[in-house]
Amino acid sequence: MKKSFIKILLVEEDSLLSATLAKVLEANGYAIDVASDGQTGLNLATALEYDVIVLDAQVPKLDGISLCRQLRSQNYPKPILLLTANDSDADVVAGFDAGADSYISKPCATEVLLASIRTLLRRSNAFPPGSMGKDSSTTLTWGNLCLDLDSGRVTFGEQVISLTATEYNLLGLFMRNPDRIFSRSVILDRLWGFDDGPTDRAIITHIKDLRKKLKAGGLAEEMIETVYGMGYRLKPYPQPASSSVDNSGTDNTRKHKSSVGDRSAIDKVLERFQGVFKQQIAVLAQAKTALLAGNLAAQLQQTAKQEAHKLSGSLASFGYPEGSKLARSAEHLLMNDRPFAPAEITRLSEVVTALQEELAKPPITSTATPIPTVCRYRVLAIDDDTALTERLKAESEDWGLQMEIAPNLAAARSRLALSVLDVVLLDLSFPETEEDGLMLLQELKERSPHLPVIVFTARDSLADRLAVSRLGAKQFLHKPATSEQIFRAIARVLPKNQALQPKVLIVDDDPTMLTYLSALLTPWGLETIALSEPQRFWQMLLKTSPHLIILDLQMPQVSGLELCQVVRQDVQQGDLPILVVTAHTDADSLSQAFAAGADDFITKPVLGPELVTRVLSRIERTRWR
């Protein structure tokens, strides 16, 4: 796929937040460097070239306002986006006076952050991701494989690959959504609709035939990946090995984009958290040394038990199943509230040593872990008013839409045959042809009855309104109208299963598990809110209004069982689905979880397909109810 050359400097002290934001930005095609304090941010901004700086107002060494003011005093020209938890008028004015171009209040939704960045990039004439050339919206590529949306041709180099309409639409679906996993039921819904779709077995056959034709056309690599138990997705294009010079003088918090796309998201998370794992095992080693010397303090024993618990839940998910077992053994030994017996001391010493040896090994890799992506809705505007459609296209990203343009009915039919769309915006009058939009509306009613259509026209007779209504259009919008009115009309007719993005609140005191669970759920169209401080649970619950809660049962200060009971006792929030994550599956532990009000449970180590299936089914069941 085409690469982005947009570089962003993220200056943020909170390591978990910066890791999450960096993952979101990288998933949307940006190259990210991260600085954890203002002085490092200043050094990077003055030494390297960035397209946007995303800056937290409260960072150590040099605060965000001072950093912003200092850059502007040096005539720094690039946009600066300020993140602030203090959004009083005085703080906002101070930020703008210091030279910030825009600001966002924390915590913020990722969609708001991305839209703000796109707006700043357009103002500074930088190309947004995916628009590297004039025709990028009409051509999809994967290496030397090219899918031309205008001509409907698929080529590999100079070789034309002949596909059926179904195979073409399948290929287009994957290439338009390179990181998204599509289950067979979703493919049926997107390409056929519920009423006229084939069986699941037919989907398998279509994908098998598509793979064969691509291979026969010269494509040596397998581009469509089967994610077992979950569905299919487009594999990242293999990156050629290239040597790179490591500048040892550069701040070690910088994140390089060179490897994005050739490793799974979980591999990248593991890379970031290897140091955390080593620190946790170092605590266990310290406890072992103290125990062997006969002076293990109660506080150190408690800390070591907590670190062992975190390791037991996370290591297996990152390719260390044996490590999880060893950590669980260490946790059980450290639960001892009486003097350790000689055999227990020996056993803990052996377990910690084995755990250190286990982490020194390479992880057991898995290809079934999804990569996060942010999905947008696709809208086809069928109108010969170029000025109007170009304005809509320019503003569409701020509304979370990807706008395609068809200037006439012939071009519209071509796009409709090749594209997977969420909404159609249709004018009725086309002076250069004898046809009008009502004819196309009739065709859409017969072929795609579930596709929402908004008629947007200067015609306003009762006869036209009746005809539009009888042909199943969702909205009738009279010209002229502002772009805001048009986009609000589009928002009203978006499919209900997409218009409201389900939100999942994940509560776990282990940042590693928070990141891992978010990475598993994000590709399925779920917005995840990660909370590592259970004492802030109620505040976050009321602020975010999630559709489902995932709780770790064992957390310090406030346990998952207690949080579960708090939710069930509330009149407003009491019906929220709650999924608990636990390493303890004995009958007593599960009985306590269900008695506290849990709807379901997931055992550690967490398996991706099991988690996704249970979360989606619970959310869907709640929607029906």
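Pro605 sits in the loop between strand 21 (600-603) and helix 23 (608-624). The peptide bond from Lys604 to Pro605 is cis, with omega near 0°. The model is a predicted one, and the values below are computed from it.

Asn75, in the loop between helix 3 (64-73) and strand 4 (80-84), has a positive phi of about 60° although it is not a glycine. Asn75 is exposed, with a relative accessible area of 67%. Ser545 also is not a glycine, and has a positive phi of about 50°. Ser545 belongs to the loop between helix 20 (537-544) and strand 19 (548-552); with a relative accessible area of 46%, Ser545 is partly exposed.

For the chain as a whole, there are 23 helices and 21 strands. Of the 625 residues, 50% are buried. Contacts between residues at least 6 apart in sequence join residues at least 24 apart in 65% of cases.

**Helix 11 and helix 12**

Two packed helices are described by the angle between their axes and the distance between the axes. Helix 11 (residues 321-334) packs against helix 12 (residues 342-359) at an angle of about 150°, and their axes are 9 Å apart. Because angles over 145 degrees count as roughly antiparallel, helix 11 and helix 12 are roughly antiparallel to each other. The crossing of helix 11 past helix 12 is left-handed.

On the helix 11 side, the contact comprises Glu322, Gly323, Leu326, Ala327, Ser329, Ala330, Leu333 and Leu334; on the helix 12 side, it comprises Glu344, Arg347, Leu348, Val351, Ala354, Leu355 and Glu358. By class, this contact of helix 11 with helix 12 has nine nonpolar, two polar and four charged residues.

| Helix | Residues in helix | Span, first to last C-alpha | Expected span at 1.5 Å a residue |
|---|---|---|---|
| Helix 11 | 14 residues | 20 Å | 20 Å |
| Helix 12 | 18 residues | 26 Å | 26 Å |

In helix 11, the buried residues include Gly323, Leu326, Ala327, Ala330, Leu333 and Leu334. Those of helix 12 include Glu344, Leu348, Val351, Leu355 and Glu358.

**Helix 21 and helix 22**

The axes of helix 21 (residues 560-569) and helix 22 (residues 587-596) cross at roughly 25° and come within 8 Å. Helix 21 is therefore roughly parallel to helix 22. Leu561, Cys564, Gln565 and Arg568 in helix 21 meet Gln592, Ala593 and Ala596 in helix 22. The residues of this contact divide into four nonpolar, two polar and one charged.

**Two buried helix residues**

Leu210 lies in helix 8 (residues 200-216) and counts as buried, at 0% relative accessibility. Leaving aside residues up to four places away in sequence, Leu210 touches Leu163, Glu167, Leu170, Leu171 and Ile224. Leu210 and Ile224 are 14 residues apart in sequence, and their C-alpha atoms are 9.2 Å apart in space.

Ser518 is part of helix 19 (residues 511-521). Its relative accessible area is 12%, so Ser518 is buried. Not counting residues up to four places away in sequence, Ser518 touches Ile506, Thr528 and Ala530.

Note on methods:
Residues are numbered from 1 along each chain as its sequence is written. This is a predicted model: local features need pLDDT of at least 70, side-chain atom pairs count only at pLDDT 80 or more; totals for chains, interfaces and linings use all residues. Side-chain values use heavy atoms; hydrogens and water are left out. Axes are lines fitted to C-alpha atoms, for helices over the stretch in contact, and angles run from 0 to 180 degrees between N-to-C directions. Helices (H or I, at least four residues) and strands (E, at least two) are DSSP runs, numbered from the N terminus. Angles under 35 degrees count as roughly parallel, over 145 as roughly antiparallel, 65 to 115 as roughly perpendicular and the rest as oblique. A crossing is left-handed if the near helix is turned anticlockwise from the far one by less than a right angle, and right-handed if clockwise. Contact means heavy atoms within 4.5 Å. Ala, Val, Leu, Ile, Met, Phe, Trp, Tyr, Cys and Pro count as nonpolar, Asp, Glu, Lys and Arg as charged, and the others, Gly among them, as polar. The expected span of a helix is 1.5 Å times one less than its number of residues. Buried means under 20% relative accessible area, exposed over 50%, partly exposed in between (1.4 Å probe, protein chains only).
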